[in-house]
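Here is my note on the model, point by point. Please keep the structure open while you read.

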Amino acid sequence: LGAETPKLAEYQAYIDFEMKAGDPARIQLIYERALAENCLVPDLWARYNQYLDRQLKVKELVLSAHDRAVRNCPWTVGLWIRYLLAMERHRVEHSIISEMFEKALNAGFIQATDYVEIWQAYLDYLRRRVDFTQDSSKELEELRSAFARAVEYLKQEVEERFSESGDPSCTIMQNWARVEARLCNNMQKARELWDNIMTKGNAKYANMWLEYYNLERAHGDTQHCRKALHRAVQCTSDYPEHVCEVLLTLERIEGTLEDWDAAVQKTENRLARVNEQRAKAAEKEAALAKQEEERAEQRKQARAEKKASKKAKKTRTGDKRKADEDDEGEWGQEEELPSKRQRGEGDGMLPEEDMEVETGLSGRSEQPDGPAAPKEKASTSRKDVPKVFHDSSKDKVTVFVSNLSYTMAEPEAKLRELFGSCGEVVEVRAVFNNKGTFRGYCYVQFREEEAARQALALDRTAVEGRPMFVSPCVDKNKNPDFKVFRYSTTLEKHKLFISGLPFSCTKEELEEVCKAHGNVKDIRLVTNRAGKPKGLAYVEYENEAQASQAVLKMDGLTVKDHVIKVMISNPPVRKLPERPDPSKASLVPPRQIYGARGKGRTQLSMMPRALQRQSNPVAKAENGMVQNSPAASSEAPAEPKKMSNADFAKMLLKK
């Protein structure tokens, strides 16, 4: 073989070729050679073990291969399940199988569902050992205790580690109930298990109630079937109509007239409440949407009024300055400019002739002959361009481009050339502020909708050293929950997350390190909005096996004196901000919310100190302790009575 290591694809092709010839010795030899160089590939171990289980069936050879597989790839639950099945198939002692199962529980799987699968495989093995013709046996008690331990293990160990049990529909408890009902004829225990299942948040699902109903129908009696359906009608929230139909069907076949009347009344009342709740939910949603539109309109009007007031204030300021200049020119008086200290020159004064410059309407110094004259001229020309308001009816053929450099020269021409490869560009509307400076974002309108969809592929393209953001043109006032995030936020077993990279590491250098462990499909270096690297990267491989091999070999690797950390990509769940409920709005204004560093030194409180103190008046006792005065809280404190000289004389005479 002339390919470079790890030669995985070439070995697989060689194995497929030899499988057609059917020589067991050659096939086994090729598998062993392939695994010697690719011992961390779970799929290769699975294919080899499957071949040994189905073709060779030699006990020592099969069990040895399974043992090597779980030692090299302990994180793969499928290899452990195959090992347990092979041990049962070759009649290995029960104690050894139980010991191997305990090792599997300590293997460190990466998903909660993996623990559910390994428990289910072990419980299936224990069930096959039981002789259900006997009323009680040691194997049956062991099976029941294993079911109870599995439920407790998923609730305690797995849920504590993954924040979920991995078994939301309680499949293990459902299987336990089926075993008790069908094989042990113990419907009482099955009903207790189903009651426990329903208390774990499954009572609102129609399919769970129908599963319980079918079990009662097959192994219970009509009374418990009717009772289960009545509870289902009361509790189901996803498909109540279907449950009501099943109840009416039961009463039509087996019920009396009284049972039929009770079922009809119950279903009609339930469906009436459901329709009323749905109508209220629709009204509430419509009211919230209307309130959001009203708030958006108010914000829009407030911005327009604020902008108009600023423009009027600026115009008045300019007219006043112009009037002052006209007055000076009319009277011919020269007003001496106040002297200023020049920064960096101590007490030196600026010469008077240096301070006399022509002042424009904006209040800035204008130097027509200086280098800033062309820029000022360009800004003035931008101000004269009439404003074009956005047409929301053309959002489907428009994309929103942001995070562009403020210093970009002629953004319309540059973006028209950049997006020209996607389709015909009708218009590029760059956004400028009142001073004519580019604000870093614009709208690009195409002739066809397909061209706008192709333009989204240019997202994160580097333009003048910054990543350009391209997103659909959506009105956030009408769609406040709209959020564009092009990357997956769930577990991706074929993708790696690398942290601790040096900032100088390039995409080509990282690819050179990663391609030694498999075929790299894509590499994404994470940057900030300015295009600067953050030392993080995502590397996508062709399959899960290559990614798993890369994790074990690259984690802790040193790249340019930096120790990197490598793990399977599993981003945290993105939590959307909760919307305030208008029905629960309080009249009390909310507390001031500060940033991550708390209240800044320059963040002053505008509330007077008198209002910050306690509003309840207090009275001070003679011993100096502060006591609450209920009388003082309702009435204002009385002013001390003024005493005359005669009053003072009477007071002295009393002594």
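1. Terms for helix pairs. Angles under 35 degrees count as roughly parallel, over 145 as roughly antiparallel, 65 to 115 as roughly perpendicular, and the rest as oblique. The axes are lines fitted to C-alpha atoms, for helices over the stretch in contact, and the angles run from 0 to 180 degrees between N-to-C directions. Helices (H or I, at least four residues) and strands (E, at least two) are DSSP runs, numbered from the N terminus.

2. Basis. This is a predicted model, in which local features need pLDDT of at least 70 and side-chain atom pairs count only at pLDDT 80 or more, while totals for chains, interfaces and linings use all residues. Residues are numbered from 1 along each chain as its sequence is written, and side-chain values use heavy atoms, with hydrogens and water left out.

3. Overall make-up. The protein chain has 23 helices and 13 strands. Of its 655 residues, 30% are buried. Buried means under 20% relative accessible area, exposed over 50%, and partly exposed in between (1.4 Å probe, protein chains only). Take the contacts in the protein chain with a separation of 6 or more: 58% of them link residues 24 or more positions apart. Contact means heavy atoms within 4.5 Å.

4. H3 and H5. Helix H3 (residues 42-56) and helix H5 (residues 77-89) cross at roughly 15°, and their axes come within 11 Å. H3 and H5 are therefore roughly parallel. The crossing of H3 past H5 is left-handed, that is, the near helix is turned anticlockwise from the far one by less than a right angle (clockwise would be right-handed). H3 contributes Pro42, Trp45, Ala46, Asn49, Gln50 and Asp53 to the contact, and H5 contributes Leu79, Arg82, Ala86 and Arg89. By class, the contact of H3 with H5 has five nonpolar, two polar and three charged residues. Here Ala, Val, Leu, Ile, Met, Phe, Trp, Tyr, Cys and Pro count as nonpolar, Asp, Glu, Lys and Arg as charged, and the others, Gly among them, as polar.

5. Valine 62. Helix H4 (residues 59-72) holds valine 62. Valine 62 counts as buried, because its relative accessibility is 1%. Leaving aside neighbours within four places in sequence, its contacts are Leu52, Asp53, Lys57, Ala86 and His90. Asp53 and Ala86 also belong to the contact of H3 with H5. Valine 62 and tyrosine 48 are 14 residues apart in sequence and 9.5 Å apart in space, C-alpha to C-alpha.

6. H1 and H2. H1 packs against helix H2 (residues 24-37) at an angle of about 170°, with the axes 10 Å apart. That makes H1 roughly antiparallel to H2. Tyr11, Tyr14, Ile15, Glu18 and Met19 of H1 meet Arg26, Ile27, Ile30, Tyr31, Arg33, Ala34 and Glu37 of H2. The contact of H1 with H2 has eight nonpolar, no polar and four charged residues.

7. Glutamate 18. This residue is in helix H1 (residues 8-21). Is glutamate 18 buried or exposed? Glutamate 18 is buried, with a relative accessible area of 5%. Beyond neighbours within four places in sequence, glutamate 18 touches Asp23, Arg26, Ile27 and Ile30.

8. H7 and H8. The axes of helix H7 (residues 112-129) and helix H8 (residues 138-162) are 10 Å apart, at an angle of about 175°. H7 and H8 are therefore roughly antiparallel. Among the residues in contact are Trp119 and Tyr122 of H7, and Phe147 and Tyr153 of H8. The contact of H7 with H8 has 15 nonpolar, no polar and six charged residues.

9. Glutamate 251. Helix H13 (residues 240-254) contains glutamate 251. Its relative accessible area is 2%, so glutamate 251 is buried. What does its side chain make a polar contact with? The partner is the side chain of arginine 226, at 2.6 Å. A polar contact is a pair of N or O atoms within 3.5 Å; within protein, one must be able to donate a hydrogen and the other to accept it, and residues adjacent in sequence count only if both atoms are side-chain atoms. Leaving aside neighbours within four places in sequence, glutamate 251 is in contact with Arg226, His230, Asp259, Trp260 and Ala263.

10. Backbone check. Glutamate 410 has a positive phi of about 50° although it is not a glycine. Glutamate 410 sits in the loop between strand S1 (398-402) and helix H17 (411-419). Arginine 460, also not a glycine, has a positive phi of about 70°. Arginine 460 lies in the loop between helix H18 (449-455) and strand S4 (461-463). Arginine 460 counts as partly exposed, at 39% relative accessibility.
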